[in-house]
Amino acid sequence: MKRVGMVLLLLCLLTGCTAKHAPGKEEKQLTMKYYYYPTCEGCTDGEGFQVYVEEMLSDVLDPDDYEFELKNVAKEDAYDEFQKIVEEYQTEDFYPTAPVMVVGDTYLFGLEEIERDIRQTAIEGYNAITEEEQFWEDMENIPKEDSYFVYFYKENCKYCRGAERFMADLEKEQTLNDGTLSKLHFTYIDISKMENMPIAGEFYEKYNVPEEEWKAPMIFWKGGYLMGEQKIKEQMLEIVHEGQALGWPGAETVPVENQ
């Protein structure tokens, strides 16, 4: 099935455009704002925390998928913005203090909550502003040396959360059995959303997934798929280390057998 995204990609190649998205189409970015005290014992240094978050998201989001703003509340403009957050969210039992992370429309209060939830919140925030066409584009031009997976998940799925914690805790760069290094690379797709059903349906068809296995969590690599938290935990790393997830050829041509 031909897709608009692929046509636009070909147009870019023919016309020499270098933008990641379609020509003339505004690129959507997830906005993240980190409000912090630079001298607070409980706060990580602003730039250091940004590096920490970028590393945490490096396997699921490209740097141009989001905009990260550091907000030092000792500065007047950031202070005024933070006071509005305080006014909106304070209650008799809760008074917001830095650090606070704003991811899209979601607010994370305190370092513990930020570190625990920032990865999943950023993924879901990006997915909320991303249309089907962009997901297809995100699955193209994957570096051949990356170990790449398309991951299907659903909101409020405890098995998905378990698989996601497992994947989040993995080293971002893995040593393969032949001694080479490969970066982990994921595209997360929320299949609880109706607008993502065409993506899910096409992958199920391409990979000949039995209908009784149309469930989450599920990962696809170029040559196969795994369904279920336990299988992902038990078998995914073996697939990576054997090099089976290298050389993603694009969503149009999968699945392909390992050479």
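Contact here means heavy atoms within 4.5 Å. Helices (H or I, at least four residues) and strands (E, at least two) are DSSP runs, numbered from the N terminus. The model is predicted: local features need pLDDT of at least 70, side-chain atom pairs count only at pLDDT 80 or more, and totals for chains, interfaces and linings use all residues. Residues are numbered from 1 along each chain as its sequence is written, and side-chain values use heavy atoms, with hydrogens and water left out.

**Exercise 1. Check the span of helix α8, and find where it bends.**

Step 1: Start with the rule, which is that the expected span of a helix is 1.5 Å times one less than its number of residues.
Step 2: Helix α8 covers residues 229–241, so with 13 residues it should span 18 Å.
Step 3: Compare that with the end C-alpha atoms, which are 19 Å apart; this agrees.
Step 4: Now look for the bend (the angle between axes fitted to the seven residues ending at a residue and the seven starting there). In α8 it comes to about 40°, at Gln235.

**Exercise 2. Which residues of α8 are buried, and what do they pack against?**

Step 1: Sort residues by relative accessible area: buried is under 20%, exposed is over 50%, and partly exposed is in between (1.4 Å probe, protein chains only).
Step 2: In α8, that picks out Glu229, Ile232, Met236, Ile239 and Val240 as buried.
Step 3: A handy reminder: an α-helix has 3.6 residues a turn, so residues three or four places apart point the same way.
Step 4: The buried residues of α8 pack against the strands β5 (147–153), β6 (173–175), β7 (181–190), β8 (218–221) and β9 (224–227), and against helix α6 (158–169).

**Exercise 3. Why does Ile239 count as buried, and which residues does it contact?**

Step 1: Find Ile239 in helix α8.
Step 2: Its relative accessibility is 6%, so Ile239 counts as buried.
Step 3: Skip the neighbours within four places in sequence, and Ile239 is in contact with Phe149, Trp221, Leu226, Gln244 and Ala245.
Step 4: For a sense of the fold, take Leu176: it is 63 residues from Ile239 in sequence, and their C-alpha atoms are 9.6 Å apart.

**Exercise 4. Are Asn141 and Asn156 buried or exposed?**

Step 1: Asn141 is in the loop between α5 (132–138) and β5, and its phi is positive, about 55°, although it is not a glycine.
Step 2: With 64% relative accessibility, Asn141 counts as exposed.
Step 3: Asn156 is in the loop between β5 and α6. Its phi is positive too, near 60°, and it is a residue other than glycine.
Step 4: Asn156 has a relative accessible area of 76%, so it is exposed.
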